[in-house]
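Open the model in your viewer and get ready to select residues. We will go stop by stop.

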Amino acid sequence: HSHLLLSPHLPFFAFAVPSAGYLLVLDPTRQAPSWTRLPLPLPPPVPCPGAGHQETFSPAAASAGLLAFLSDASGHKTLLLVNPITRLLAPLPLCPTARLSPTVGLAAGPTSFIAVVAGDDLVSPFAVKNISADTFVADAASVPPSGFWAPASTLPRLSSLDPRAGMAFASGRFYCMSSSPFAVLVFDVAANVWSKVQP
């Protein structure tokens with residue numbers, strides 16, 4: 001359960017520069033804010049068995065000093081949680097649903113976190129649809145400490161998520177944008193239910 005021990009209690013801004021292999025980190029709490037360059041603690045690209053290429057990861061979400069990187073290859077995604085300050089890295093179990101380029105949300109607290117991987121379900125090797133979302137829930141305060149993928153939730157009809165827009169978390173809910181038609185999608189974590197708010 002090392003993924004539960006990753007989150008620091010320090011505010012900072014991090015800008016990933018994956019091609020250069022580092023993060024630019026700004027600590028806003030210092031009297032004179034300064035930039036620090038931290039090497040990305042990601043593992044080197046790993047060969048994908050039978051695929052003829054190496055698995056790489058891209059920044060996908062951040063919360064409370066914890067960064068989430070998502071595997072770039074299509075299929076069952078790997079989500080890596082990284083603390084750039086302590087240099088700890090923990091992969092989550094494989095995402096249950098095969099996806100192409102999903103939207104990712106992360107909400108971390110002192111003893112728990114929630115990660116959501118939504119949309120771009122691979123319905124065939126050549127087609128994707130925005131059908132569902134997978135949610136990973138981890139809680140170090142429970143006995144024993146737990147971490148598991150919750151049952152998949154269904155996205156509202158005609159959802160069109162943009163993975164570059166990401167998700168925001170507030171009051172137990174994740175929020176993300178949907179286009180065509182424009183709307184805000186709301187995911188109630190406790191109820192494991194999505195809804196759509198249109199203008």
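Start by selecting Asp121: is Asp121 buried or exposed? Asp121 is buried, because its relative accessible area is 5%. Buried means under 20% relative accessible area, exposed means over 50%, and partly exposed is in between (1.4 Å probe, protein chains only).

Before going on, note what you are looking at. This is a predicted model, in which local features need pLDDT of at least 70, side-chain atom pairs count only at pLDDT 80 or more, and totals for chains, interfaces and linings use all residues. Residues are numbered from 1 along each chain as its sequence is written, and side-chain values use heavy atoms, with hydrogens and water left out.

**Stop 1: a salt-bridge network**

A salt bridge here is a side-chain nitrogen of Lys or Arg within 4 Å of a carboxyl oxygen of Asp or Glu. Arg99 sits in strand β11 (residues 98-99) and Asp121 in strand β14 (residues 121-124), so the pair ties together parts that are 22 residues apart in sequence. Strands are DSSP runs (E, at least two residues), numbered from the N terminus.

Together, Arg99, Asp121 and Asp134 are linked in a network of salt bridges.

How buried is Arg99? Its relative accessible area is 0%, so Arg99 counts as buried. Asp134 is buried as well, at 2% relative accessibility.

**Stop 2: another salt bridge**

How many salt bridges does the structure hold? It holds four. For one of them, select Asp188 and Arg173, whose closest N and O atoms are 3.5 Å apart. Asp188 is in strand β21 (residues 183-188), Arg173 is in strand β20 (residues 173-178), and the two are 15 residues apart. Asp188 is partly exposed, with a relative accessible area of 21%. Arg173 is also partly exposed, at 32%.

**Stop 3: aromatic rings**

A pair of aromatic rings is described by the distance of the centres and the angle of the planes. Rings of Phe, Tyr and Trp (its six-membered ring) pair if their centres lie within 6.5 Å; planes under 30 degrees apart count as stacked, over 60 as edge-to-face and the rest as tilted.

The structure holds four aromatic pairs. Select Phe113 and Phe136: their ring centres are 5.9 Å apart and their planes are at 20°, so the pair is stacked. Phe113 lies in strand β13 (residues 112-118) and Phe136 in strand β16, so this pair ties together parts that are 23 residues apart in sequence. Phe113 is buried at 3% relative accessibility, and Phe136 is buried at 1%. Why is the pair of Phe187 and Trp194 stacked? Their ring centres are 4.9 Å apart and their planes are at 25°, so they count as stacked.

Ring pairs link Phe113, Phe136 and Trp149 into a cluster.

Note on methods. Helices (H or I, at least four residues) and strands (E, at least two) are DSSP runs, numbered from the N terminus.
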